[in-house]
Amino acid sequence: MNRFHARRSARARAATGFTSQPEPRTIGSFARGRQLVAGNYQFAGYLITDKKTDLWDITPPSPEFKEELHGFRWLDDLAAVGDLPARKAAQDWVFEWIKRYGRGRGIGWTPDLTGRRLIRWINHALFILNGQDSAASGLYFQSLAQQTIFLSKRWKVASSGLPRFEALTGLIYAGLALSGMEEHVKPALKALAKECREQIDDEGGIPTRNPEELLEVFTLLIWAAAALSEAGWVTQKDHLAAIERIAPTLRVLRHSDGGLARFHGGGRGTEGWLDHALAASGVRSTREDGLSMGYARLKGGRTSVIVDASRPPQGADSVRAHASTLAFELTSGRRPLIVNCGSGISFGADWQRAGRATPSHSVLGLEGVSSSQLGKRRGEEQEVLVRTPKEVESKLTSNSNLISLEAGHDGYQASHGLIQGRRLELTVDGRALNGEDALLAPSKADKRRFDAALNAVKLQGIPFTIRFYLHPDVDASLDLSGAAVSLALKSGEVWVFRHDGKAQLSLDNSIYMEKNRLKPRAAKQIVLTSRAIGYESRVHWTLAKAQDTPDSLRDLARDDIDIL
């Protein structure tokens with residue numbers, strides 16, 4: 001059906017030009033732009049180097065690679081370079097796309113990719129049309145009109161969430177910018193307002209609980225509101241209200257270095273993107289109490305701790321969700337310290353599956369078991385979290401000395417009769433984080449399940465590990481006694497990890513997965529290993545700053561003060 005409407009729209013009357021000069025809003029990477037010009041095509045975790053081959057002659061190694069090509073986000077990177085070779089590459093690849101796919105053929109004719117593409121084409125119109133003759137300009141505007149009409153017919157089939165927000169924002173952009181396309185703006189405005197009501201909850205969150213995806217939605221809503229304002233249109237109340245709800249939530253999800261917490265498939269975001277979006281929104285409010293999109297934030301001094309304190313996303317929204325309940329990340333100043341392994345989606349199915357499991361997060365886990373289990377529901381091809389914690393409780397408190405979180409979940413109750421608990425206490429100066437991880441069998445029924453699980457391992461105890469993944473830039477060393485780990489940051493700070501001796505401490509190898517890299521980075525992890533033998537097992541640990549050096553003071557001078 002997409003192909004039918006795509007080919008039908010190809011017969012549409014061309015737009016004659018822009019109603020006003022488009023203003024670029026997207027932010028690209030200068031480094032990636034230079035790579036593209038040099039013939040290094042890196043998309044979806046793959047790198048193809050071929051200076052002589054046209055972009056559209058490349059054989060895509062994965063569907064994700066092909067989608068990134070047709071979404072045209074790379075135009076932002078070429079525009080960030082902005083020189084003659086970059087402009088020539090952009091022009092050649094845009095007009096070659098029109099020649100090959102402009103008649104409604106190819107993977108690019110889906111509502112979300114079309115919306116994403118329209119935004120870039122309009123944002124960078126002057127970059128693309130510079131030096132082009134009237135014939136080329138005519139082809140360009142004709143293709144814009146075709147894609148706009150296709151979107152007006154097919155935006156409804158875009159998946160709810162980010163894909164539909166992309167489709168509707170692209171339609172609004174095109175309707176406002178292109179002469180003769182104004183009729184599509186009003187229906188798109190109403191549809192976008194409806195999506196804001198249904199997809200953005202009272203906490204300013206989205207069903208996938210992916211922080212980076214929330215930032216993408218937030219950015220699209222800001223762009224659409226700005227375009228409407230500049231064109232003299234009134235932005236819908238539900239649209240503006242969604243922006244006002246999301247901004248405080250993003251501040252909760254923002255580490256002290258300006259990056260996002262990496263949970264449920266999301267990354268840190270391009271440097272400066274979050275702060276720029278928050279400033280552009282004009283919303284200054286914050287959320288001081290409770291959870292935001294299911295996350296708790298503990299902030300003391302220059303230290304931020306962000307905890308996944310809710311159930312994972314459910315149903316179709318769990319396709320990229322992680323079994324990360326009660327996992328945390330810690331950043332000191334501008335230096336990430338405790339992290340999660342991250343999303344492996346760019347590195348293939350095996351890495352993606354591994355990255356979603358509990359052992360890839362900084363949290364307690366039973367050996368060989370995830371707090372949420374992956375599986376496939378009937379009629380679904382993609383893996384979703386089919387067995388998740390039914391109950392997750394949390395309580396966030398503070399006083400003059402500590403900011404504290406107490407949380408627990410029942411993810412291991414059905415299998416082992418155990419409730420998992422975690423208590424975190426951050427000092428107000430941010431110099432120490434005290435933690436306790438517990439496994440408890442509180443009821444008689446739980447004790448019977450635990451006894452059965454204990455019998456299955458011949459009374460040897462239920463093995464569990466508590467993992468603390470370190471950022472690759474952290475220099476970690478186990479002391480000679482084996483009782484502590486020193487963690488040196490590039491800022492000059494040194495943190496020390498200690499525990500109460502109720503577990504075996506080790507410093508092991510691990511990996512750190514980032515988007516736009518060709519392979520995972522090598523890193524380290526602190527691991528506490530023990531066995532649950534009784535109905536109550538507790539392990540205490542501390543993570544404390546040992547010293548400050550002139551280097552860390554210089555780092556402090558560069559820190560922001562969470563003013564955004």
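**Salt bridges in a predicted model**

Mentor: Glu198 and Lys194 are four residues apart, about one turn of the helix, and both belong to helix α10 (helices are DSSP runs of H or I, at least four residues, numbered from the N terminus). The two residues form a salt bridge, their closest N and O atoms being 2.9 Å apart. This is a predicted model, in which local features need pLDDT of at least 70, side-chain atom pairs count only at pLDDT 80 or more, and totals for chains, interfaces and linings use all residues. Residues are numbered from 1 along each chain as its sequence is written, and side-chain values use heavy atoms, with hydrogens and water left out.

Trainee: What is a salt bridge?

Mentor: Side chains of opposite charge can pair when their charged atoms come close. The term denotes a side-chain nitrogen of Lys or Arg within 4 Å of a carboxyl oxygen of Asp or Glu.

Trainee: How many salt bridges does a search of the whole structure find?

Mentor: The search finds 27 salt bridges. One of them joins Glu216 and Arg73, with the closest N and O atoms 2.6 Å apart. This pair links distant parts of the chain, 143 residues apart: Glu216 is in helix α11 and Arg73 in the loop between α3 and α4.

Trainee: Is Glu216 buried or exposed?

Mentor: Glu216 is buried, at 15% relative accessible area (buried means under 20%, exposed over 50%, partly exposed in between, with a 1.4 Å probe and protein chains only). Arg73 is partly exposed, at 33%.

Trainee: Which residue forms a salt bridge with Arg164?

Mentor: Glu195 does, the closest N and O atoms being 3.2 Å apart. Arg164 lies in helix α9 and Glu195 in helix α10, so the pair ties together parts 31 residues apart in sequence. Arg164 counts as buried at 16% relative accessibility, and Glu195 counts as buried at 2%.

Terms used
Helix = DSSP H or I, 4+ residues; strand = E, 2+ residues; numbered from the N terminus.
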